[in-house]
Amino acid sequence: MASGDRATVAICGGGLIGTSLALALRALGHPVRVCDADASVRAALRAVLDSGQADVTCGVVAVHDDWEDAVGGAHIVIAAVPPAAIPAVLVTAARHAAPH
């Protein structure tokens with residue numbers, strides 16, 4: 001990552017915590033990718049982002065349908081999921097996130 005570039009952040013979990021983090025990081029200019037195992041949660045996130053209800057001045061939030069796409073090449077991975085799902089998120093992150 002070049003000096004001055006913003007880290008790409010993948011957030012696994014689109015609930016209250018994951019979405020709040022995504023919007024806060026987006027406001028700071030980070031490209032953010034969000035994924036949730038529940039298709040209805042992903043659809044709701046897309047609807048809010050498309051409506052402009054979550055308008056902030058900079059950055060991008062992209063909603064992904066699978067963990068690998070969301071985590072692929074990310075510099076930071078945040079697990080905002082129930083505790084039982086954390087091991088699976090960490091395994092996916094280890095396989096697909098950007099190298100150090």
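A residue counts as buried when its relative accessible area is under 20%, and as exposed when that area is over 50%. The exercises below apply these cut-offs to a predicted model.

**Exercise 1.** Determine which residues of α1 are buried and how they are arranged about the helix axis.

*Solution.* Step 1: the buried residues of α1 are G18, A22, L25 and R26. Step 2: viewed down the axis of α1, these buried residues fall within an arc of 100 degrees, so they line one face of the helix.

**Exercise 2.** Classify L16 as buried or exposed, and identify the surface patch to which L16 contributes.

*Solution.* Step 1: L16 belongs to helix α1, which covers residues 16–27. Step 2: the relative accessible area of L16 is 71%; the cut-off for exposure is over 50%. L16 is therefore exposed. Step 3: I17 is likewise exposed, and both residues lie on the other side of α1. Step 4: L16, I17 and L21 make a nonpolar surface patch of about 330 Å².

**Exercise 3.** Compare the span of α1 with its expected value, and state what follows the helix.

*Solution.* Step 1: α1 contains 12 residues, and 16 Å is expected at 1.5 Å a residue. Step 2: from first C-alpha to last, α1 reaches 17 Å, close to that expectation. Step 3: after α1 comes G29, with a positive phi near 95 degrees.

**Exercise 4.** Describe the order of helices and strands along the chain.

*Solution.* Step 1: the chain has four helices and four strands. Step 2: along the sequence, their pattern is β-α-β-α-β-α-β-α.

Note on methods. Residues are numbered from 1 along each chain as its sequence is written. This is a predicted model: local features need pLDDT of at least 70, side-chain atom pairs count only at pLDDT 80 or more; totals for chains, interfaces and linings use all residues. Side-chain values use heavy atoms; hydrogens and water are left out. Helices (H or I, at least four residues) and strands (E, at least two) are DSSP runs, numbered from the N terminus. Patches are made of residues with over 30% relative accessible area and no salt bridge: like charges are joined within 9 Å, nonpolar side chains (Val, Leu, Ile, Met, Phe, Trp, Tyr) within 5 Å. Accessible areas come from the Shrake-Rupley method with a 1.4 Å probe; for residues, only the protein chains shown count as cover. A salt bridge is a side-chain nitrogen of Lys or Arg within 4 Å of a carboxyl oxygen of Asp or Glu. Buried means under 20% relative accessible area, exposed over 50%, partly exposed in between (1.4 Å probe, protein chains only). The expected span of a helix is 1.5 Å times one less than its number of residues. The arc is that of the directions from the helix axis to the C-beta atoms.
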